[in-house]
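Here is a short briefing on one structure. Please keep the sequence and the 3D view open while you read.

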Amino acid sequence: MEADELLVLVAGGDQKAFEELYGLVSGPVFGLVRRVVRDPAQSEEVSQEVLLELWRSAPRFDPGRGSALSWILTLAHRRAVDRVRSARAATEREQREGQRNHRPAFDQVAEEVEAGLEREWVRRCLDRLTALQRQSVTLAYYDGYTYREVAERLSLPLGTVKTRMRDGLTRLRDCLGGVA
Amino acid sequence: MSVLDRLLGRDLHSLAAPYALDALEGEEKRRFERHLKGCHRCAEEVRALTEDAVRLAWSTAAAPPAALRDRVLTAVRLTPQEQSARDLTRVRAAHQPTRARAPRLRPLFAPLATATAAAALVVAALFAVQVTQARDQLDQERAQAREIAHVLAAPDARATGERDQSGRGIGVVASASERRAVVTLSGLGTPSGGRVHQLWLMRPNENPRSLGLFDGDTPLVADGLDPNSTSLAVTVEPHGGSQQPTTSPVVQLALETVGFGE
Ligand SMILES: [Zn+2]
């Protein structure tokens, strides 16, 4: 069964369906959380929260408004970003030191790329963005920075970052749109 | 509409992409969420851009640790799903004791893997609170939910609870290895005259140690429980709490079934 059908059953309290859904989405959820949060133990904790929240809030899922997987990954991303921001706030000094060794986000993405058609596709599509579009999008999505922080890191005006984010996402849509 | 408003409005429209990337925070995020409710154009744009952003997650999938599955599935068995406000009222009503129930105190205990009335009480109270509270408080609630989920997730987490004839009850999910417990009260109401319910840890040959004050229906997370703790007790204390109990307990609960006091 597909994630969308399973999520509807889960919304009705079906624990068996949840087990099956877990099999489908735990990898994407954990991978995304780990990409943003980095720390393995914290990633596991955040993933657990997300998956439990998935069970709890399944009745709120509206199939008319998008796919189950995108609803679930949006939830996961939001929680991961929350966690990485509070961790960052707590270790601001370390963060400043880390910045000196910071490599562009895309290099890290590229470095982690393993086998897999989807990874390859995303990478190829990211390659088609301009450098500023790519950095604006990946610093926010993969590293959890706010657009204000992105602007600061890239020494760009806020308006430019907003536009680059929008154009970057739209260009990704054109490139990845056919794959689903 | 003033020039400023127009500028502000245009400024807000342009935040759809940062919002879709979860790159807004604080007041700016709240302001944009308010704007979204009334701006059809932004709502549509956010929906489309969010789908685009999710594509970036495709490249990140990774196998989660095997233990995560067990913990999540265990927690799922214990956790009720969100319900409408009307359903919640019904759940609460179902928790009220009936005349037919045995008049004696009845301890309930079981490993966490099987849902118990006590654990359900803890979880139901927690999420009932979450549903009824204002949105601004959710962050704080979420932090607490995280702590509670943390206790629930411990491999040795166990649940127990008691409720007396008049419906006054206490429920606890505790982990001896984490030395933590989540405690909920039911049927005690709010003490009059600004007084509070205070939770105490009872240990042999030692003075009771305060574990904190209850805030309405909200579950209390108690840290640093000693392995030799024998019971929990709740007393009514003056505003702000006391150093030591000044009244006799309104409810008390033995901890041996949850791995303490051995
Ligand atoms: Zn708008």
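How many aromatic pairs are there over all chains? The count comes to four in this predicted model.

**Aromatic pairs**
- A:Tyr141 and A:Tyr142 pair edge-to-face, with 5.8 Å centre to centre and 75 degrees between the planes.
- A:Tyr141 is buried at 2% relative accessible area, and A:Tyr142 is buried at 0%.
- B:Tyr19 and B:Phe32 form a tilted pair, with 5.2 Å between centres and 50 degrees between the planes.
- B:Tyr19 belongs to helix α2 (residues 16-20) of chain B and B:Phe32 to helix α3 (residues 26-38) of chain B, so this pair ties together parts 13 residues apart in sequence.
- B:Tyr19 counts as buried at 15% relative accessibility, and B:Phe32 is buried at 0% relative accessible area.

**Charge over a ring**
- The charged end of A:Arg88 sits over the ring of A:Tyr145, 3.9 Å from the ring centre.

**Zinc site**
- B:His13 (ND1), B:His35 (NE2), B:Cys39 (SG) and B:Cys42 (SG) coordinate the zinc ion at 1.9 to 2.3 Å.
- The arrangement is tetrahedral because the four donor atoms subtend angles of 105 to 117 degrees.
- Ideal angles for four tetrahedral donors are 109.5 degrees.
- Along the chain, the donors follow the spacing H-x21-H-x3-C-x2-C.
- B:His13 lies in helix α1 (residues 3-13) of chain B, and B:Cys39 lies in the loop between α3 and α4 (40-55) of chain B; this pair links parts 26 residues apart.
- B:His13 counts as partly exposed at 21% relative accessibility, whereas B:Cys39 counts as buried at 10%.

Methods:
Residues numbered from 1 in each chain as written. Chains lettered and ligands numbered in written order. Predicted model: local features only at pLDDT ≥ 70, side-chain atom pairs only at ≥ 80, totals over all residues. Heavy atoms only, no water. Phe/Tyr/Trp six-rings, centres within 6.5 Å; stacked < 30°, edge-to-face > 60°. Buried < 20%, exposed > 50% of the residue type's maximum accessible area, 1.4 Å probe, protein only. Helix = DSSP H or I, 4+ residues; strand = E, 2+ residues; numbered from the N terminus. Lys NZ or Arg CZ within 6 Å of the ring centre and 35° of its normal. Donors = N, O, S within 2.8 Å, 3.2 Å for Na, K, Ca; no water. Tetrahedral: all angles 85-135°; square planar, octahedral: opposite > 155°, others 65-115°.
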